[in-house]
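I opened this entry to keep a record of what I looked up, one topic at a time.

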Amino acid sequence: MSKNDTICAVSTASGVGAIAVIRLSGAESHKIALFIFRKKGKQLDINDIEPNKAYYGEIFDPIKDDKPMVDDVLITFFKAPHSYTGEDSVEISCHGSVFIQQKILELLVVRGCRLAKPGEFSKRAFINDKFDLAQAEAVADLIASQNEAEHRIAVNQLKGGFSNELRDLRSKLVDLTSLLELELDFSEEDVEFADRTKLYELLNTALKHIGKLTDSFRMGNAIKNGIPVAIVGETNTGKSTLLNAILGEERAIVSDIEGTTRDTIEETFNIDGLMYRFIDTAGIRETSETIEKIGIERTFKKISEADIVIGMLDGTKSVKKIIEAWKTIVSHVNVLKQKLLIIVNKQDIMDVATMFTLNDDYIDYMKPTFEKNIENYGGYMTDEYCYSITGMDLYDIRELMTFSYISAKNQEDVDGLKQNIHHCTTLPNIDGSTTLVANIRHFEALTHAKESLEQVKKGMDDKLSADLLAQDLRQALYYIGSITGEVTNSEVLGNIFGRFCIGK
Ligand SMILES: Nc1nc2c(ncn2[C@@H]2O[C@H](COP(=O)(O)OP(=O)(O)OP(=O)(O)O)[C@@H](O)[C@H]2O)c(=O)[nH]1
Ligand SMILES: [Mg+2]
């Protein structure tokens, strides 16, 4: 299959719409489109076509004797290299009937077009240097973006912010590699062109830079796939009821049988423009049932992966039981890294006395945990002391011990909970210049690059020869270059563009 054959596809979403856009790209695209287009009953000459101008006219079937009209269309011709793909291309805006779309495609194919494969237009754009690989992936992300934060990350990547950062990094490392390689030519003479102190400096800067990018992945990924919020607690506390209340649909099975939810259930939900991934988990309890046990193991795993944990307590239980359940949850959450929201459910039927006791006595219940060593301080907890033993300041601990009350079943105070979730989400300020790594392929490449650079540093500590250092440096360069596509192979390309939709 020739690289330059002319391809065509419907570029708008599949199905019926008000209008649909059919796109052609390749050396023959103008010629082929003109075969089936007429304006005021006349076919146009290819030499009279003005690029970037929309022509109003008809697509007709040139094969049938009476040459019937297929549709009223607007058609635009683009001249290479000034097009999305960098090739001659054409866009036909027709009415959105599926029949019309298929008919036009059929006419184009008869005239020598080939149906495009997924992502083939973007792949051609990449090959013609219209953008690099990271930018091509940003196109896919942009199409898939569902909220403002996701959209901003994609726009930044598309504009080349991320690519420029990588290019900078890469060019510095290339300079270094060349200096090291120069030493190889003079290996007999024991010279060092690459100043080792400078080399250390540069490596440290590069490592810091890459570290910042890889660190941003947790957040970038959360924005892309939804910030993970795990709903956890003992069986029958109402976790599944809460999931349903948040989503506004009966997604999870609710019943008064303990251990109803066996496996985790995940659903995304948008709160004020941010996407959250709510994870309903199997209730925590002692059980000998194998499947339930596996479910509970999964609950613990989901807790550790979540950014926000909703620890749910059953308000109809005794205060003692509630506090025990609370402790179990707290012990599984890394309160320094994760946000924990403690809620007491079933406020509609819970005993008011329980509520008072919980509110008044929680400090006492906390004492054994956080104030164990405090006697030395005469029972007075200072912020500094609190921090030194818990790693948190008093304010945060108080927050951890603040129970809020809801009724998931009656949807009471569920909106307040949603607002709390939104408030406790700490997102970096994403503006046009923020680079967040949101793509697993980029994250992996950066992680490998980091490992290689660390290897170089270690090699320098061990006074390894320039050729060995250069080898690891080249490895790091390879990984960084693989992100933007400066080095790549057809398998990687196939993988990336294969995930695009047809017509993109
Ligand atoms: N009165 C009252 N009952 C509730 C409330 N929330 C849940 N329930 C009831 O509590 C029972 C258990 O609810 P689920 O949502 O299935 O509880 P769960 O925590 O998912 O339970 P497991 O999946 O077994 O861990 C059901 O009978 C619910 O109707 C509430 O706010 N008030
Ligand atoms: Mg459940």
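**Strands S5 and S6.** I began with strand S5 (residues 69–78) and strand S6 (residues 89–95), which run antiparallel and are joined by five bridges. Within this pair I noted that phenylalanine 77 stands opposite valine 90 in S6. I keep in mind throughout that this is a predicted model.

**The sheet around them.** I then traced the open sheet of seven strands, whose pairing is mixed and whose order is S3-S4-S5-S6-S2-S1-S7. Its edge strands are strand S3 (37–38) and strand S7 (114–115), each of which pairs on one side only. As a reminder to myself, strands of a sheet pair through backbone hydrogen bonds, either parallel or antiparallel.

**Backbone geometry.** In the loop between S5 and S6 I found proline 81, and the peptide bond that joins alanine 80 to proline 81 is cis, with omega about 0 degrees.

Which loop holds glutamine 411? I located glutamine 411 between strand S13 (403–405) and helix H14 (414–423), and its phi is positive, about 60 degrees, although it is not a glycine. Aspartate 413 lies in the loop between S13 and H14 as well, and I noted for aspartate 413 a positive phi of about 65 degrees, although it is not a glycine either.

I also checked the surroundings of these two residues. Glutamine 411 counts as partly exposed because it has 15 C-beta neighbours inside 10 Å, and aspartate 413 is partly exposed because 17 other C-beta atoms lie within 10 Å.

**Serine 216.** Is serine 216 buried or partly exposed? Serine 216 is found in helix H7 (residues 196–225), and since a residue needs 20 or more other C-beta atoms within 10 Å to be buried, the 19 around serine 216 make it partly exposed. I then looked for its partners beyond four places away in sequence and found that serine 216 touches Thr435, Leu436 and Val437. Serine 216 and alanine 438 are 222 residues apart in sequence, while their C-alpha atoms are 7.9 Å apart in space.

**Ligand 1.** How many residues surround ligand 1? I listed 23 residues, the closest being Gly238, Ser240, Thr261, Gly283 and Lys409. The residues of this shell divide into 13 polar, six charged and four nonpolar, and helix H8 (residues 239–247) gives the most to the shell, with three residues.

**The nonpolar core.** I turned to the largest nonpolar core, which has 111 residues, and noted that Ile92, Val229, Ala230, Ile231, Val309, Ile310 and Leu473 touch the most other members. Helix H16 (residues 466–484) gives the most to this core, with nine residues. Taking isoleucine 310 by itself, and leaving out residues up to four places away in sequence, I found that it touches Val229, Ala230, Ile231, Leu341 and Ile343. In soluble globular proteins, nonpolar side chains tend to be buried together.

**The chain as a whole.**

Methods
Residues are numbered from 1 along each chain as its sequence is written. Chains are lettered from A and ligands numbered from 1 in the order in which they are written. This is a predicted model: local features need pLDDT of at least 70, side-chain atom pairs count only at pLDDT 80 or more; totals for chains, interfaces and linings use all residues. A residue is near a molecule or strand if its C-beta atom, placed from the backbone, lies within 6 Å of it. Helices (H or I, at least four residues) and strands (E, at least two) are DSSP runs, numbered from the N terminus. Ala, Val, Leu, Ile, Met, Phe, Trp, Tyr, Cys and Pro count as nonpolar, Asp, Glu, Lys and Arg as charged, and the others, Gly among them, as polar. Two strands pair if DSSP finds at least two bridges between them. A residue is buried if 20 or more other C-beta atoms lie within 10 Å of its own, exposed if 12 or fewer, and partly exposed in between; C-beta atoms are placed from the backbone. Two residues are in contact if their C-beta atoms, placed from the backbone, lie within 7 Å. A nonpolar core is a set of buried Ala, Val, Leu, Ile, Met, Phe, Trp, Tyr and Cys residues joined through C-beta atoms within 7 Å.
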